[in-house]
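Okay, everyone, thanks for coming. Let me put the structure up on the screen, and then I'll walk you through a few spots in it.

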Amino acid sequence: MRQKGMVNETHSSDSPRSGEIPEGRGRLPTVKPGVHPWTHWFFYPPESSMRVLPTRVRVLNFAAALGLIALALYLPFTRLETTWNWLAVYRYREKFLQGYLLTIGLSVAALILSTVFGVISALAGRARFLPLRYVNRIYVDLVRGTPLLVQILILYYVTANALGVTDRNVAGVIILSMSYGAYISEVIRAGIESVGKSQLESAKAIGLNTTQTYRYVIFPQALRQIMPSLAGQLVSLIKDSALLSIISVSEFTKNAQETGNITFSILECYLPLAAGYLILTLPISFLTRYLEGRSRFET
Amino acid sequence: MIEVKKLKKTFGRYAALHGVDLKVETGELIALLGPSGSGKTTLLRLIAGLEFADAEGGEILFDGQPVSDRPVGQRGVGFMFQSYALFRHLSVFENVAFGLRVRPSKTRPKETDLKARVNDLLQLVQLGDLGKRYPAQLSGGQRQRVALARALAIDPSVLLLDEPFGALDAKVRKELRRWLRELQRRLGLTTVFVTHDQEEALEIADRVVIMSTGRIEQIGTPQEVYDHPATPFVMEFLGEVNRMATTPTDTKNGASTYVRPHDIGLRRERTNGGAEELEAVVKLLIVRGANGRVELERIDNGERVEAQLSRARLEELNLKEGERVFIELLNAHSLVVDYSI
């Protein structure tokens, strides 16, 4: 709604929006006359945004794509010679549910904690005191340069052990947060840098001190840039929480594995597992896409 | 009053300012004029406190008080950026109010006073009813006026504007610069602005400071610098000019003669055998609008000279390409090119 209003305002030559909105956005791309009418259902130029297409076209094409992918996924199953035993697995639904809830809990806790780590690390990266900047750089490079699985093993069996952290869930959340904090600090750094230098200078010019500048000028503007990437990090975080099964955190994946081992119904355990993760991640992916679209307009 | 004494600024190994002296009287409107790289923006930012001069690199005084060590927030200056740098996440009203809101509680105005003050400012910049809009919903000219109101909100003693009209299209530019001139007069605020547009500087400034390669070439009223340019650079920067080698008026050694196209008169006959007249051939005639341009070639040394005459005068002369005419230099400047720069 808001975007349309803005497009309408671009009639004046002095409008701040002219030139920023790519031409053709908001209008339906036209198809050359003389081509077969079916073309209107399936073919559009690559630069035409999916949002502006008619609903029937979007629904049809989405259904077609979904059908193709479902077929490709389904066909291998027809070659399997197994007898499905869903009932055996259904008896362990409580275990699944517990694991699922723990996965959600771990992910949300880790997202909050890793954002805290990320903010601290990003600020350290912009500190006047140089050693802090190097701490930030080394931390980010170490985390990004090693597999999460390896980080979990070393941090759990060595560091957490030495610090006397015995609760696996607590250790798991902290380890995930340590790792994701590094990625998030890079996201935040990029967000802060996206706020132009002249914004900082004009804040200083009207008398803001450094803290006020961060609080009232940088963060509110950086947040808009950061939100889509942060939502993307949450998706990764939810998926990567599965790796905590290696240190026996009884989250979703661990519990599914265990059920599979007890019932010998491996597939009947892993299919709901995949579905369970998708139920969590897909809405966030949609949200990310929505936020990305919004941040593009409101620069 | 702003005093700048022997100000030096070096970026790495690049010297942006080589010891600049300048005095701006209270209430004056000063233009810093020069091409890019002349140091005009650096000088403005040093006065603002957004940059600091080199160690031992001169002094800046506001009303006799040294301010060289104070950062921008403590100098009491209103600074308007070329890009305006409005806070995108705040409404027009909040953009203007911001400088007052963040003050420590001792000096912060009461909410009702603050509202009244901001609304007054918005009225002043003719944006009274747009307080609720966001910067993205404004035109370039409106944004510029919000930036101005924001700079004025902190009640500055000095207003500094970096290319205030740089981002606007030609028509809005002309309107706004006259408006700004009137506003500045009304407020009586000491103002320095940077521009590379000589027309803009000559039209609205009380005095113009012409800069080149980190030095001041000349300071003077628009009339002074235009009629009596101190250096060939000023002559050439302030408008089109013919640079001619030896002419009868040459007096100084190694000097060239500079004449603006509209300071050249053309005659069919030699008048009084005056020494100021040169003979030339008409090479090209272009009449467009109220004025016409004549491209000439001197017969004595083959130099090209361009003249600008009114349409009426051209019709009176009825020149044809290839004809011979006499050039009269109505206002010639003899200047020595200083190669040491």
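**Starting from one histidine**

Let's begin with His333(B), which sits in strand β18 (residues 332-336) of chain B. Quick note on the naming: helices (H or I, at least four residues) and strands (E, at least two) are DSSP runs, numbered from the N terminus. And some housekeeping, since this is a predicted model: local features need pLDDT of at least 70, side-chain atom pairs count only at pLDDT 80 or more, and totals for chains, interfaces and linings use all residues. Residues are numbered from 1 along each chain as its sequence is written, chains are lettered from A and ligands numbered from 1 in the order in which they are written, and side-chain values use heavy atoms, with hydrogens and water left out.

So, is His333(B) buried or exposed? His333(B) has a relative accessible area of 11%, so it is buried. The cut-offs there: buried means under 20% relative accessible area, exposed over 50%, and partly exposed in between, with a 1.4 Å probe and protein chains only. If we set aside neighbours within four places in sequence, His333(B) is in contact with Asp227(B), Pro229(B), Met235(B), Ser256(B), Thr257(B) and Tyr258(B). Contact here means heavy atoms within 4.5 Å.

Now the sheet around that strand. It's an open sheet of 3 strands in chain B, in the order β11-β12-β18, and the pairing is antiparallel. β11 (242-244) and β18 of chain B are at the edges with a single partner strand each, so one side of each has no neighbour in the sheet. On average, neighbouring strands of this sheet are turned by 30° against each other, direction ignored. Strand β12 (residues 255-259) of chain B pairs with β18(B) in the antiparallel sense over 5 bridges, and Thr257(B) stands opposite Ser334(B) in β18(B). For pairing, DSSP has to find at least two bridges between the two strands.

**The six-stranded sheet**

Staying in chain B, 6 strands make an open sheet in the order β6-β7-β8-β3-β9-β10, with mixed pairing. Here the edges are β6 (77-80) and β10 (215-220) of chain B, each with a single partner strand, so one side of each is left without a neighbour in the sheet. The twist averages 15° from one strand to the next. Helix α4 (residues 140-153) of chain B packs on this sheet and touches β6 and β7 (158-162) of chain B, and its direction makes about 165° with that of β6(B). For the angles, axes are lines fitted to C-alpha atoms, for helices over the stretch in contact, and angles run from 0 to 180 degrees between N-to-C directions.

How many of the residues in β7(B) are buried? 5 of its 5 residues are, so to speak, under cover. Val158(B), Leu160(B) and Asp162(B) point one way from β7(B), while Leu159(B) and Leu161(B) point the other way, and all are buried.

On one flank, β6(B) and β7(B) run parallel and are joined by 4 bridges, with Phe79(B) opposite Leu160(B) in β7(B). β7(B) and β8(B) also run parallel, joined by 5 bridges, and the bridge partner of Leu161(B) in β8(B) is Phe193(B). Then strand β3 (residues 29-33) of chain B pairs with strand β8 (residues 190-195) of chain B in the parallel sense over 5 bridges. In that pair, Leu32(B) has Val194(B) as its bridge partner in β8(B).

**Over to chain A**

Chain A has 12 helices and 0 strands. Buried residues make up 36% of its 299 residues. Of the contacts in chain A with a separation of 6 or more, 72% are between residues 24 or more positions apart.

One helix pair to look at: helix α5 (residues 93-125) and helix α6 (residues 130-145) of chain A pack at an angle of about 130°, with their axes 7 Å apart. α5(A) and α6(A) are therefore oblique to each other; angles under 35 degrees count as roughly parallel, over 145 as roughly antiparallel, 65 to 115 as roughly perpendicular and the rest as oblique.

**Two phi angles to check**

Most residues other than glycine have a negative phi. Ser248(A) has a positive phi of about 60° although it is not a glycine, and its place is in the loop between α10 (210-240) and α11 (252-263) of chain A. At 36% relative accessibility, Ser248(A) counts as partly exposed. In chain B, Thr213(B) is not a glycine either, yet has a positive phi of about 40°. Thr213(B) is in the loop between β9 (207-212) and β10 of chain B, and at 43% relative accessibility it counts as partly exposed.
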